[in-house]
Amino acid sequence: MRWAREARDCSPGMIIGLGTDLCDIGRVAETLKRFPGRFEARLYTEQEQARAERRKTARAARYAQMFAAKEACSKALGTGFRKGVFWRDMEVVPLPSGKPTLRLSGGALRRMEDLTPPGMQAQVEVSLTDESGLANAVVIIFAIPASP
Ligand SMILES: CC(C)(COP(=O)(O)OP(=O)(O)OC[C@H]1O[C@@H](n2cnc3c(N)ncnc32)[C@H](O)[C@@H]1OP(=O)(O)O)[C@@H](O)C(=O)NCCC(=O)NCCS
């Protein structure tokens, strides 16, 4: 598993993937109501669910932001949810500062490794927001020189 790092740790590198997504928070709220438990279990890791469920307000907005992050990452990987890339392979993990990171595993991690040029390592950056009923995510995947 690889972790995105704080911006101050970034080394010069090249962009190898870019993805964005907008997600309708109202649609997510309806889906959460219609399929209680099933939607969450299919798309989100246990840690993601636990963090969203701890929120007294804006629970649907939190799930929508994570939905957008996963879709944006699947686009940055150039696959969408195909070629063995699954929703729970891309986990939103906040740093203590509140900055979100994406932790990749399984097919998503393998795809990112395939994209990464020899001698380099991949670094994922994600930015999330929501406003006026929409959640937005932007994901950039960088390749930076591999640490010795
Ligand atoms: C890539 C993917 C994530 C697009 O998601 P979407 O929600 O259907 O559509 P969006 O409007 O967010 O994005 C579509 C755009 O993504 C881009 N896109 C398509 N395939 C892509 C790929 N393999 N890599 C990167 N970007 C891609 C295109 O620009 C596309 O626009 P176009 O349809 O006008 O050509 C889609 O391939 C996919 O795997 N969707 C699964 C969605 C799903 O299972 N939803 C169920 C919800 S419970």
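The following questions and answers go through a predicted model, element by element.

Trainee: How many bridges join β1 to β5?

Mentor: Strand β5 covers residues 134–145 and runs antiparallel to β1. One of the residues involved is D24, whose bridge partner in β5 is L134. The number of bridges joining β1 to β5 is 10.

Trainee: How are α3 and α4 oriented, roughly parallel or roughly antiparallel?

Mentor: Helix α3 (residues 46–53) packs against α4 with the axes 9 Å apart and an angle of about 150°. Angles over 145 degrees count as roughly antiparallel. The two helices α3 and α4 are therefore roughly antiparallel.

Trainee: How are α1 and α4 oriented to each other?

Mentor: Helix α1 (residues 25–34) and α4 have axes 8 Å apart and pack at an angle of about 110°. An angle of 65 to 115 degrees counts as roughly perpendicular. The orientation of α1 to α4 is therefore roughly perpendicular.

Trainee: How many nonpolar residues are in the contact of α1 with α4?

Mentor: Helix α1 contributes I25, V28, A29 and L32. Helix α4 contributes R59, A60, A61, Y63 and A64. The contact has no polar residues and 1 charged residue, and the nonpolar count is 8.

Trainee: What kind of aromatic pair do F67 and W87 form?

Mentor: F67 lies in helix α4 and W87 in the loop between α4 and β2 (90–94), so the pair ties together parts that are 20 residues apart in sequence. F67 counts as buried at 17% relative accessibility, and W87 counts as buried at 14%. The ring centres are 4.8 Å apart with 40° between the planes, and the pair is tilted.

Trainee: Which residues do ring pairs link into a cluster?

Mentor: The structure holds 4 aromatic pairs. The cluster linked by ring pairs consists of F39, Y44 and Y63.

Trainee: What is the phi of K83?

Mentor: Most residues other than glycine have a negative phi. K83 lies in the loop between α4 and β2 and is exposed, with a relative accessible area of 72%. K83 is not a glycine, yet its phi is positive, near 55°.

Trainee: Where is A58, which has a positive phi of about 60°?

Mentor: A58 is not a glycine either. At 38% relative accessibility, A58 counts as partly exposed. Its place is in the loop between α3 and α4.

Trainee: Is V85 buried or exposed?

Mentor: V85 is found in the loop between α4 and β2. Beyond its neighbours within four places in sequence, V85 is in contact with L77, T79, G80, M90, G107, A108 and R111. Its relative accessibility is 1%, under the 20% cut-off, so V85 counts as buried.

Trainee: Which residues of helix α5 are buried?

Mentor: Helix α5 covers residues 106–115. What covers its buried residues includes β2, β3 (100–104), β4 and β5. The buried residues are G107, A108, L109 and M112.

Methods. Residues numbered from 1 in each chain as written. Predicted model: local features only at pLDDT ≥ 70, side-chain atom pairs only at ≥ 80, totals over all residues. Heavy atoms only, no water. Axes fitted to C-alpha atoms, helices over the stretch in contact; angles between N-to-C directions. Helix = DSSP H or I, 4+ residues; strand = E, 2+ residues; numbered from the N terminus. Parallel < 35°, antiparallel > 145°, perpendicular 65-115°, else oblique. Pairing = 2+ DSSP bridges. Phe/Tyr/Trp six-rings, centres within 6.5 Å; stacked < 30°, edge-to-face > 60°. Buried < 20%, exposed > 50% of the residue type's maximum accessible area, 1.4 Å probe, protein only. Contact = heavy atoms within 4.5 Å. Nonpolar A, V, L, I, M, F, W, Y, C, P; charged D, E, K, R; others polar.
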